[in-house]
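Take a walk through this protein chain. Keep the sequence and the 3D view side by side.

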Amino acid sequence: MGKQTRPARPTRKQKEEMKAWKLVPENWLVVRETPSEMVLVSKSGLKKRTIQRGA
């Protein structure tokens with residue numbers, strides 16, 4: 001089992017990216033961010049969502 005990190009509140013740049021994907025930033029937390037993708041988890045239903053970058 002790998003070490004699990006705590007989800008963080010999104011930064012301003014991440015919020016802008018979420019809005020471009022038609023997501024409400026207040027409802028999502030950032031789990032992991034890499035140059036190619038950003039993994040999010042919802043606050044209410046704990047659903048995971050991956051945003052692909054550079055596509």
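Helices (H or I, at least four residues) and strands (E, at least two) are DSSP runs, numbered from the N terminus. The model is predicted: local features need pLDDT of at least 70, side-chain atom pairs count only at pLDDT 80 or more, and totals for chains, interfaces and linings use all residues. Residues are numbered from 1 along each chain as its sequence is written, and side-chain values use heavy atoms, with hydrogens and water left out.

Start with charge. Side chains of opposite charge can pair when their charged atoms come close. A salt bridge here is a side-chain nitrogen of Lys or Arg within 4 Å of a carboxyl oxygen of Asp or Glu. The structure holds four of them.

One sits in helix H1. Arg12 pairs with Glu16, and their closest N and O atoms are 3.7 Å apart. The two residues are four apart in the helix, so about one helical turn separates them. How open are these two positions? Buried means under 20% relative accessible area, exposed over 50%, and partly exposed in between (1.4 Å probe, protein chains only). Arg12 is exposed, because its relative accessible area is 70%. Glu16 has 47% and therefore counts as partly exposed.

Another bridge joins Arg53 to Glu17, with the closest N and O atoms 2.8 Å apart. This pair links distant parts of the chain. Arg53 follows strand E3 (48–52), Glu17 lies in helix H1, and 36 residues separate them.

Glu37 bridges to Arg32, again by a salt bridge, with closest N and O atoms 3.7 Å apart. Glu37 has 21% relative accessibility, so it counts as partly exposed. Arg32 is partly exposed too, at 45%. Elsewhere, salt bridges that share partners join Glu17, Glu33 and Arg53 into one network.

Now move to Ser42. It belongs to strand E2 (residues 37–42). Is Ser42 buried or exposed? It counts as buried, because its relative accessibility is 7%. Its side chain makes polar contacts (N or O atoms within 3.5 Å; within protein, one must be able to donate a hydrogen and the other to accept it, and residues adjacent in sequence count only if both atoms are side-chain atoms). A polar atom of the Ser42 side chain lies 3.3 Å from the backbone nitrogen of Gly45. The Ser42 side chain also reaches the backbone nitrogen of Leu46, at 3.0 Å. Leaving out residues up to four places away in sequence, Ser42 is in contact (heavy atoms within 4.5 Å) with Asn27, Trp28 and Lys47.
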